[in-house]
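Subject: Structure for you to look at

Hello,

Here is the structure we talked about. Please open it and keep it beside the notes below.

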Amino acid sequence: MLSIIVCIKQVPDTHRASFDPKTGVLDRASAENITNPDDLHAIEAALALRDACGGSVTAISMGPPQASDVLAEAYALGVDRCVLVSGPCFAGSDSLVTSKILARAITKLGAFDVVVTGFEAIDGNTAHVGYQLSEFLGIPHVTQVHDIRIEDGHAIVERLYGHEYQKIRVALPLLVSAGRNANRVRAPRLADLKNCTGREIAVMGLSDIGGSADEYGAAGSPTMVIGTELFTHARGREALPGTLDEKIEGLIHKLKKHNLLRN
C-alpha cells in the first residue's frame, strides 16, 4: 500500500491573461484561475499508481485560500485527501522557498513512498520546483516518465532520454515529475463528482510546518526580478524565386536547414 503525494498549483490561464504594457507583469486578476496543466498529468500519474498498487493519494497545494478550488478538482478526479498550505507569510515566495515550504509540509504529513509533481507551471515556466523539492526531501528525482511500476520497494521507471527510452530501477521514496506527454488525464467519474462537494480540505500554516516568517515569502526568496520584456511573434513572408521546380528545391533546402525535414 503506497502513500502517494501529488503537488498541484493554481495558476492564471495565461492564454487569456493580459500583461501590464509598462511593467510586463502578468495581471492575475484578468484571467480565470485553473489547475496548472502539467499538474493534471501529475494527478493522473498518482491515481494510476494507486489503482495499480493500492494505497492513497494526498493532493497538496500552496497558495491563498482560493487555491482550494484546484484541490476540489483533485477530489473530483479521485484523490483521497487534500491539504492546502496557506498563510500571509507565504505570499511572494519564489520557486526555492515554495519548494522548502512544500518539503516541510510533506514531511509533517508523515511517511510517504512517492511524490509526484507537474514538470513546470505555465505562470513561471521555471521547472525548478521538482528538482528543488527532491533536494529538500533528500530523495531521487526522475523526469520524462512514461511508465512506472513498483516492485520490492523499488520503482521501475520507463523514461525518455534524449531520443531513446531508458528503464531504470530506483529505491523508494522518490519524486517523479510528469509532463504533458506522460499520460492522458481521465475525466472525473460521476461518483467522484457527487462525493467531492464539501469534502474536507485540511489547512496547514506557519505553526504547522515550522520555521520563522522571514524564511518565507518575498523576504526569504533570493530571486530578484531585474526586468521584464514582452515577446510577440509575427509571421514573416518570403517568396522563393525561380521556376516551380526551383521553388520546390529551395523550399526543401530551407526545411532541411532548419531541421524540419530530414533525408
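Seven strands form an open sheet in the order β9-β13-β8-β1-β6-β7-β14, with parallel pairing. Strands are DSSP runs of E of at least two residues, helices are runs of H or I of at least four, and both are numbered from the N terminus; two strands pair if DSSP finds at least two bridges between them. At the edges are β9 (141-142) and β14 (201-204), each of which pairs on one side only. Strand β6 (residues 55-62) runs parallel to β7 and is joined to β7 by five bridges. T58 stands opposite R81 in β7.

This is a predicted model, in which local features need pLDDT of at least 70, side-chain atom pairs count only at pLDDT 80 or more, and totals for chains, interfaces and linings use all residues. Residues are numbered from 1 along each chain as its sequence is written, and side-chain values use heavy atoms, with hydrogens and water left out.

The protein chain has a mean pLDDT (the predictor's confidence in each residue, from 0 to 100) of 89, and 92% of its residues reach 70 or more. Where pLDDT is low, the predicted coordinates should not be read in detail.

Nonpolar, polar or charged: which classes line the largest cavity? The lining has seven nonpolar residues, no polar and no charged ones (Ala, Val, Leu, Ile, Met, Phe, Trp, Tyr, Cys and Pro count as nonpolar, Asp, Glu, Lys and Arg as charged, and the others, Gly among them, as polar).

Regards
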